[in-house]
Amino acid sequence: MNFDKLYIVVASLFLLLAVGFLCRKVGIIDDTASKKLSRLILSVGQPALLVGSLAGAEFSEENLKTAIIMIVLGFVFHFLLAAISYVFSLPLYKNIDEQKLSEFGFMFTNCAFIGFPIFEALLPGRGQFMASFLCVSFNILLWTWGLVIMGRKRNDIKLTLKKALVNFGTVPCVIGFAFFMLKAPAVGFVLPSFITSALQYLSNLCTPISVLVTGALIATQSPKKFFLNWKIYYFNVVKLFAFPLLICLLSKLVLFILPYEGLETYAIFLTAAASLPTASSVTMMAENYGLDSGYSSLTVGTSSILAVITIPIAMMLAQWILSI
């Protein structure tokens, strides 16, 4: 793995957090701006990123096979994370917002904004392609199971059949995968360049705005909450150490039972996915649905900062375990 690229990505995100922090302190980003920007990314930027990444993926029989495997593995991966996230969030039951946001943050990793460059550094030429299809399960479950988590003990947040089928996760996934399939030689359809360029521009909004909003929300928290909150330490130990180790050990068990050629690549990929920091969508969803956005920003911010240390350690440990 090219750790130099990883360090550059995380260091850049740290600077964006700092800029967001300063913008809040001087009044450039206030509560209203924060909520509007969060809505912009959830409703426009993130769907554009998903459609653009799927539509832009190169079509071939081998890539189609990899895409289907990644979609299936993505759902298995997220269902597994959903189960263990619920268990590890139980110690925080005294504050329902913190418990829900911890469960949400444990389950949903930053597999796109931070993940794309990290996966590509890990698996050159294949990483971002595989990550694009991992984002299918991420986005569908973000707007379905994520809504279930957010709605616990809230009468105003409910997952209906309509919301489960038509949302900012399912619709972009269907559109993006349809464009990917239309690139097959039998059809040969390719999106016009002005559409792909527009999608790229909208996608490029995601990382800077989401990280700026997170930094601005961190600025609303006192130093005591940041440095003396045992829940934040607990969250990061579980998120950045326990989860990658669990996924790696389960992958090793699968490899032992099914020693097929090529499975190790998927094992490394999923371990890397589990080692990523919390998705900034957690903060934006908290903002959108009126939960404790300050606590969510601390989980996103601290996990993003600590990831520069923990991801290389997790990947070196994973490579050692998988090689035994």
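This is a predicted model: local features need pLDDT of at least 70, side-chain atom pairs count only at pLDDT 80 or more; totals for chains, interfaces and linings use all residues.
## Two helices side by side: H6 and H9

Which residues make the contact? On the H6 side they are Phe-129, Phe-133, Val-136, Asn-139 and Ile-140, and on the H9 side Thr-170, Cys-173, Phe-177 and Phe-180. Sorted by class, the residues where H6 meets H9 are seven nonpolar and two polar, with no charged residue.

## A second pair: H2 and H15

Now look at helix H2, which covers residues 31-55, and helix H15, which covers residues 281-289. The axes of H2 and H15 come within 9 Å and cross at roughly 120°. That angle makes H2 oblique to H15. Here, too, the crossing is described by its hand: H2 passes H15 in a left-handed crossing.

H2 brings Asp-31, Ser-34, Lys-35, Ser-38, Arg-39, Ile-41, Leu-42 and Gln-46 to the contact, while H15 brings Ser-281, Met-284, Met-285, Glu-287 and Asn-288. The contact of H2 with H15 is made up of four nonpolar, five polar and four charged residues.

## Buried residues in helices

| Residue | Helix | Relative accessible area |
|---|---|---|
| Glu-98 | H4 (residues 96-107) | 9% |
| Val-51 | H2 | 10% |
| Ala-274 | H14 (residues 263-275) | 2% |
| Thr-302 | H16 (residues 293-323) | 8% |

Is Glu-98 buried or exposed? At 9% relative accessibility, Glu-98 counts as buried, because the cut-off for buried is under 20%. The side chain of Glu-98 makes a polar contact with the side chain of Lys-231, at 2.6 Å. Leaving aside residues up to four places away in sequence, Glu-98 touches Leu-92, Lys-231, Asp-292 and Tyr-295.

Thr-302 also has a side-chain partner. Its side chain makes a polar contact with the side chain of Asn-236, at 3.0 Å. Not counting residues up to four places away in sequence, Thr-302 touches Phe-226, Ile-232 and Asn-236. Thr-302 itself is found in helix H16, with a relative accessible area of 8%.

Val-51 takes you back to helix H2. What does Val-51 touch, apart from residues up to four places away in sequence? Its contacts are Pro-172, Ile-175, Gly-176, Phe-179 and Leu-199. Val-51 and Phe-179 are 128 residues apart in sequence, and their C-alpha atoms are 8.3 Å apart in space.

At 2% relative accessibility, Ala-274 counts as buried.

## Exposed residues in loops

Val-26 lies in the loop between helix H1 (3-25) and H2. Val-26 is exposed, with a relative accessible area of 62%. How far apart in space are Val-26 and Gly-45, C-alpha to C-alpha? The distance is 26 Å, and the two residues are 19 residues apart in sequence.

Lys-153 sits in the loop between helix H7 (145-150) and helix H8 (161-165). At 77% relative accessibility, Lys-153 counts as exposed, because exposed means over 50%. The backbone of Lys-153 is worth a look as well: phi is near 60°, a positive value in a residue other than glycine.

Methods: Residues are numbered from 1 along each chain as its sequence is written. Side-chain values use heavy atoms; hydrogens and water are left out. Helices (H or I, at least four residues) and strands (E, at least two) are DSSP runs, numbered from the N terminus. Buried means under 20% relative accessible area, exposed over 50%, partly exposed in between (1.4 Å probe, protein chains only). A polar contact is a pair of N or O atoms within 3.5 Å; within protein, one must be able to donate a hydrogen and the other to accept it, and residues adjacent in sequence count only if both atoms are side-chain atoms. Contact means heavy atoms within 4.5 Å. Ala, Val, Leu, Ile, Met, Phe, Trp, Tyr, Cys and Pro count as nonpolar, Asp, Glu, Lys and Arg as charged, and the others, Gly among them, as polar. Axes are lines fitted to C-alpha atoms, for helices over the stretch in contact, and angles run from 0 to 180 degrees between N-to-C directions. Angles under 35 degrees count as roughly parallel, over 145 as roughly antiparallel, 65 to 115 as roughly perpendicular and the rest as oblique. A crossing is left-handed if the near helix is turned anticlockwise from the far one by less than a right angle, and right-handed if clockwise.
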